[in-house]
Amino acid sequence: MLYENNTSEISKCTEQMKYSQAYHIHDGLLYHYTKLDTLWKILESDSLFARNIRFSNDFNEYLTGRNTIEKFVSGLQDTDEPKKKEILKKLRENPMMYFMVCFCEDGDLLSQWRGYAQNGVSIGMDFTGGICKKKRLAQHVEEFCVLNNLKYSEKEIDKTSDKTERKYNIDGNSLVFLQMPYKVQYVSNPENLDEKPDVKQILEKLYDGSEDDSTRLLGYIPYIKDIGFREEEEYRLIYDMELLGDSKAHSDSVRGKKLEFMDSENLKNPYINVEFGKPDKKSSNVKTIWVGGDACEIADKIGKKYADLKIELVDQTGICIGEGINQEEMQEDIEKFIEGSMALQHKDTIKIWCKGHLPIRKIIVGPSEKQNETKESLEYYKRTIYWLKYVDIDVSAIPLRN
């Protein structure tokens with residue numbers, strides 16, 4: 001489900017719930033496998049690298065989705081031929097401006113270590129809001145901002161001294177997507193959808209005769225994959241970078257200022273840098289904090305220190321600080337309150353999370369000769385980054401094969 005940056009949260013939730021069979025959200029951590037050098041870039045930049053699907057490890061991943069939907073459209077019985085031809089034309093001319101970040105339900109999977117993260121890690125993230133959401137699972141949405149590329153930001157340095165402007169905004173606007181990682185559907189043979197009735201039902205539901213049904217079909221291309229990869233139980237965070245402006249020329253211009261390129265086997269592979277949260281919330285003070293479980297004992301102290309702060313009490317144990325420029329200062333104060341409270345019996349188990357940053361909750365270090373050294377390095381590093389401070393660092397249970 002791909003939305004432009006002006007889509008309202010209400011519209012997004014309504015669409016997501018209506019087609020919940022297609023847009024399945026995982027209730028728990030999702031793991032992104034990556035090599036060590038990329039891990040450090042992710043942590044240092046507090047952002048994800050979404051790669052163009054055309055330059056993914058297996059281009060057939062895209063072709064499987066396109067061929068499946070093409071076969072489905074060709075077999076439609078109650079659709080007039082001009083409409084079918086128009087959809088098929090769009091399918092074949094699709095510019096493949098899909099950029100994706102991939103995740104698995106399992107954070108310690110041998111095939112993933114071998115295929116994507118040799119001597120690397122899996123990064124466990126919680127995209128359902130942690131303790132600060134009371135909505136039903138199907139109503140969860142999160143905001144992601146596509147950062148301007150380094151070349152454009154450096155070019156603009158003489159035009160403005162505002163670092164935030166250079167990082168986020170083009171013509172005064174930032175590019176923000178409402179999105180979630182949705183589960184991939186697997187097919188064994190795109191030519192015979194009767195073998196996968198669940199996928200066929202999903203496509204029939206998406207193509208419901210409404211005005212946007214062809215757009216939904218095209219947008220579902222990245223969520224269909226060959227059944228040979230089913231072990232991964234993959235989820236994908238997808239961004240459609242095709243229509244970003246009010247014209248093709250404007251879209252090309254915006255995209256040119258967002259795309260970065262990664263050297264790989266003598267190619268320049270395009271990707272976008274995606275940051276969690278919304279820029280305007282990060283430029284003002286924290287407005288809301290969520291407090292739950294044993295941590296409720298210090299809610300009054302937080303309220304007295306920050307008079308304008310909205311404090312929401314929740315059932316889950318822990319603390320989550322809303323987006324804002326004073327997050328770090330607030331976290332330090334809260335830690336002092338916890339340390340000095342005589343009423344808190346389980347101080348060591350209270351974790352503090354900060355919205356507006358990557359929702360990393362756990363990092364698993366994969367099988368390698370330097371597994372213990374990598375774990376120790378991450379333990380030291382996380383202590384220096386306030387929003388990473390409470391992340392669990394673990395090691396794979398899979399033994400290293402000599």
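Analyst: Let us begin with a definition: contact means heavy atoms within 4.5 Å. Leaving aside its neighbours within four places in sequence, tyrosine 168 is in contact with Cys145, Leu147, Asn148, Asn173, Ser174, Leu175, Lys258, Glu275, Pro279 and Lys282. Please keep in mind that this is a predicted model, in which local features need pLDDT of at least 70 and side-chain atom pairs count only at pLDDT 80 or more, while totals for chains, interfaces and linings use all residues. Residues are numbered from 1 along each chain as its sequence is written, and side-chain values use heavy atoms, with hydrogens and water left out.

User: Why is tyrosine 168 called buried?

Analyst: The word buried means under 20% relative accessible area, whereas exposed means over 50% and partly exposed lies in between, with a 1.4 Å probe and protein chains only. Tyrosine 168 has a relative accessible area of 6%, so tyrosine 168 is buried. The residue lies in helix H7, residues 163-168, where helices (H or I, at least four residues) and strands (E, at least two) are DSSP runs numbered from the N terminus.

User: What makes the link between the side chains of tyrosine 168 and glutamate 275 a polar contact?

Analyst: A polar contact is a pair of N or O atoms within 3.5 Å; within protein, one must be able to donate a hydrogen and the other to accept it, and residues adjacent in sequence count only if both atoms are side-chain atoms. The side chains of tyrosine 168 and glutamate 275 make such a contact at 2.5 Å.

User: Why is arginine 236 called buried, and which polar contacts does its side chain make?

Analyst: Arginine 236, found in strand S11 (residues 234-240), has a relative accessibility of 0% and therefore counts as buried. Its side chain reaches the backbone oxygen of proline 222 at 2.6 Å, and a polar contact of 2.7 Å joins the side chains of arginine 236 and glutamate 234.

User: How do you know that S6 and S7 pair?

Analyst: Two strands pair if DSSP finds at least two bridges between them. Strand S6 (residues 169-170) and S7 have 2 bridges, in the antiparallel sense, and the bridge partner of asparagine 169 in S7 is serine 174. Strand S5 (residues 142-146) and S7 also pair in the antiparallel sense, over 5 bridges, with cysteine 145 opposite valine 176 in S7. Strand S7 (residues 173-179) is mostly covered, as 5 of its 7 residues are buried.

User: What makes glutamine 316 partly exposed?

Analyst: The relative accessible area of glutamine 316 is 34%, and the residue is therefore partly exposed. Glutamine 316 lies in the loop between strand S15 (310-314) and strand S16 (318-321).

User: Which residues touch the most other members of the largest nonpolar core?

Analyst: A nonpolar core is a set of buried Ala, Val, Leu, Ile, Met, Phe, Trp, Tyr and Cys residues joined through side-chain atoms within 4.5 Å. Of the 97 residues in the largest core, Tyr220, Ile319, Ile334 and Ile360 touch the most other members. Strand S3 (residues 98-104) gives the most to this core, with 5 residues.
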